[in-house]
Amino acid sequence: MRLSLGVAGLLAFAAVGYAQQVGNLDAPPAKPKSYVVYAAEQQSVAAGKRSVLELHFRVVDGFHVNSHTPKSELLIPTRVELQPATGVKADAIEYPAGTSYSFSFDPTEKLDVYSGDFTVKLPVVAEAGTHTVDGTLRYQACDHAACYPPKSLPVQVIFTAK
Amino acid sequence: MKRSGLVLSVMVVGVALLLWAGWHNLRERKLAMQQAQENHVVLVPEKSGAATSGSAMQPDPQSPEAEATQMRGKVAPAFTLVTLDGKKVSLSDFKGRPVLVNFWATWCGPCKVEMPWFEEFQKQYASQGLEILGLADDVDAGKDAIAKVAQKTGVTYPILLTDGKVQKAYGGPDGMDYLPMSFYVDKNGVVVEETAGLGSKDEIEAHIKKVIASGATPAAGGQ
């Protein structure tokens, strides 16, 4: 009896698992609302000393964004805008170098882009304590054949100065 | 004891069969989906009355492919916009002629790739009445930046400054989600083809030939 119940349970579990798999297949593919994702993480720095905070971003697979220094003044550069925070003196933001990219339809036109992971560095001198710096990442994304209007991604840098 | 062992074996085999059937079904469906995606067939809503291609797959309504079917078969929304030099231009000015309405922006790389092609086709098919209108989606970039791109790409066809309404009329409540977007409007004012993103030069020319051929009257002969 116990054995039968166990097997029946197993059968039900298998059926539910199968139904879920089929259900996932029927769901429409998810379209990213944002083409860049921010990985917020708690950081620690030495109080009163110049330290560098890191802001980690990831461009969604299949897309790229202009680097901070695109090769044309008409292209919109990726940039972080931060609001002033009490007890935090921020220095000029450091951006990584981009990589070369060209659309397959026009291999001669070279662009300077970020794709995959990229890290923006923020040098700070902070008073002891926990700090939150709010800001925005401004970027403009494209895929292999189309471009998407400029977007803003909210960013919050939380860190402790000891 | 022997009997319960037999029952257990039968049940284990049953479960294994069920799991195998589930996996097999899943694999088949995945393959079918991949095939459907490779065929790149997009359904056109029945309401539009346009010819549909057979496919059981409904595309993501927000994808560029789906967006490129929203206007097909419909009457192109009317608009009156201003050119870079302040001249008023309406879609109705070109009634009876095939018109390519192309939305672009200064920050859009693929747009700038196809603009010289449009210029070339404008000249090539002028005798068949073709008119190309370039609608700058990012008016906030300023006239100078828009003019600079037009000059750099060698465009001489009218560049119109969008008003916020025309993007919604052609792209939906949020305006243009992607650029470039092109609408091929025939002599009767009907959108016969719509494309999202950059296609090849050959594809664009094929769409131009289609829009020239479409409509009740024969070729306008360069009015």
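Ala, Val, Leu, Ile, Met, Phe, Trp, Tyr, Cys and Pro are counted here as nonpolar, Asp, Glu, Lys and Arg as charged, and the others, Gly among them, as polar. The structure is a predicted model, in which local features need pLDDT of at least 70, side-chain atom pairs count only at pLDDT 80 or more, and totals for chains, interfaces and linings use all residues. Residues are numbered from 1 along each chain as its sequence is written, chains are lettered from A in the order in which they are written, and side-chain values use heavy atoms, with hydrogens and water left out.

Chain A contains 1 helix and 12 strands (DSSP runs numbered from the N terminus: H or I of at least four residues for helices, E of at least two for strands). Of the 162 residues of chain A, 37% are buried, that is, under 20% relative accessible area with a 1.4 Å probe and protein chains only. Strands pair if DSSP finds at least two bridges between them. Strand β10 (residues 129–139) of chain A is joined to β12 (residues 151–161) of chain A by 11 bridges in the antiparallel sense, with A:V133 partnered by A:V157. Strand β10(A) also pairs antiparallel with β5 (residues 79–82) of chain A, over 4 bridges; there A:L82 has A:G135 as its partner.

A nonpolar core is a set of buried Ala, Val, Leu, Ile, Met, Phe, Trp, Tyr and Cys residues joined through side-chain atoms within 4.5 Å. The largest such core has 60 residues, of which B:F79, B:F103 and B:Y170 touch the most other members. Its largest share, 6 residues, is supplied by α3(B). Another core, of 31 residues, lies apart from it and includes A:Y35 and A:F118. Contacts (heavy atoms within 4.5 Å) of B:F103, beyond four places in sequence, include B:L179, B:P180 and B:Y170. The peptide bond from B:L179 to B:P180 is cis, with omega near 0 degrees, and B:P180 lies in the loop between α5 (165–171) and β6 (181–185) of chain B.

One cavity of 30 Å³ or more was found in the whole structure. A cavity is a set of points on a 1 Å grid over the protein atoms alone where a 1.4 Å probe fits but cannot get out, and its lining residues have an atom within 4 Å of a point. The largest cavity holds about 60 Å³ of space, a volume being the space filled by probe spheres set on the points, which are joined across faces, edges and corners. Residues lining the largest cavity include A:H64, A:F103, A:C142, B:W107 and B:P110. The lining comprises 7 nonpolar, 4 polar and no charged residues, and β4 (64–66) of chain A and α3 (109–124) of chain B each supply at least two of its residues.

Notes: On a 1 Å grid over the protein atoms alone, a cavity is a set of points where a 1.4 Å probe fits but cannot get out, and a pocket is an open set with protein on both sides within 12 Å along at least five of seven lines; lining residues have an atom within 4 Å of a point. Buried means under 20% relative accessible area, exposed over 50%, partly exposed in between (1.4 Å probe, protein chains only).
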